[in-house]
Amino acid sequence: MNKGNEGDTSALYVWNGLSMFWGTSFHTDPHLHNTLQLVFDIDRQFKLKDIASDWTSYSAAIIKNGHMHQLDSCGSIQLFIYLDKDSRFAKELTDRYLLNVGIASFDDPVLSKLSTRFFKKLLVNNDCKRLLEGCQFILKTLLHDDSPKELDDRIRQAIRYITSTPNKKFKVKAVAEHVCLSESRLRHIFKEQVGQPIQNFILWMKVVDSLGLVLKGNPIGRTAIETGFWDSAHMYRSYKELLGVAPGKIKAFEKELKIVTCTHGNLHVLRTEISNSLDAVEIKKTIEI
């Protein structure tokens with residue numbers, strides 16, 4: 001039995017500008033996301049529809065951010081990957097596949113490296129590191145990007161320092177001193193190699209750390225101080241800005257799906273806007289995670 005916009009979902013995994021989940025029993029209303037969306041069918045095919053086309057079958061598809069569409073899982077299982085629209089991967093995929101369209105199918109030669117067995121193994125995995133590696137392999141395959149991109153050792157040290165320090169009430173200057181770089185040089189190299197300003201990365205990691213504690217039921221005020229926010233008001237503002245939801249409402253999402261925060265990265269806002277029709281201007285419901 002189809003469950004509409006929510007469907008059946010196993011778990012949502014979230015990293016820096018990337019989230020992944022798998023699901024079935026979807027037959028959605030017209031909706032759009034604030035992220036670039038990739039959809040891969042595990043067994044058969046699914047269908048997509050937008051204002052420019054009727055229901056069309058796909059084995060794998062890419063959907064532009066902000067593009068109104070509908071999805072029918074056709075009783076099969078799909079793997080969904082959502083990318084921050086401003087990330088390097090999202091921009092390169094958009095340039096390659098979505099220059100003049102809102103939805104595109106991936107050509108078979110590109111997907112030849114991604115077997116059904118590969119996807120099924122990915123679905124049963126619950127390790128953040130292995131799942132992230134799987135998602136990165138998918139993205140690099142689609143972009144024909146086989147060249148390894150090694151981070152500068154000092155950037156690796158900076159990331160390790162940021163992610164491993166429980167209370168992140170430190171400034172960028174402290175990270176720069178730890179890796180023996182000037183603050184300006186660290187800011188430049190970090191943004192160039194990671195694709196994100198370091199101060200944003202630090203804030204995101206505060207959110208990741210605190211979200212893990214919130215999901216365990218820890219008090220908001222204590223969690224805010226322990227993870228480096230100035231106070232609970234600062235934590236509240238950061239959640240509303242980055243996640244679109246207050247910390248106190250996060251637990252409600254666990255009634256629908258398992259949420260896994262992966263500490264080697266940060267969360268982005270996954271926002272879905274649902275409409276009555278593909279060409280409607282008015283949005284009837286917004287879901288933000």
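**Helices, loops and exposure in a predicted model**

Colleague: In which helix does leucine 215 lie?

Modeller: This is a predicted model, in which local features need pLDDT of at least 70 and side-chain atom pairs count only at pLDDT 80 or more, while totals for chains, interfaces and linings use all residues. Residues are numbered from 1 along each chain as its sequence is written, and side-chain values use heavy atoms, leaving out hydrogens and water. Helices (H or I, at least four residues) and strands (E, at least two) are DSSP runs numbered from the N terminus. Residues 198-215, leucine 215 included, form helix α8.

Colleague: Is leucine 215 buried or exposed?

Modeller: Buried means under 20% relative accessible area, exposed over 50%, and partly exposed in between (1.4 Å probe, protein chains only). The relative accessible area of leucine 215 is 12%, so this residue is buried.

Colleague: What is the phi of cysteine 180, and is this residue buried or exposed?

Modeller: Cysteine 180 sits in the loop between α6 (172-178) and α7 (183-194). Although cysteine 180 is not a glycine, its phi is positive, at about 60 degrees. Its relative accessible area is 69%, so cysteine 180 is exposed.

Colleague: Which residues of α4 does α1 meet?

Modeller: The axes of α1 (residues 88-97) and α4 (residues 128-142) come within 10 Å and cross at roughly 35 degrees. Such axes are lines fitted to C-alpha atoms, for helices over the stretch in contact, with angles from 0 to 180 degrees between N-to-C directions. Contact means heavy atoms within 4.5 Å. Phe89, Leu93, Arg96 and Tyr97 in α1 meet, in α4, Leu139, Lys140 and Leu142.
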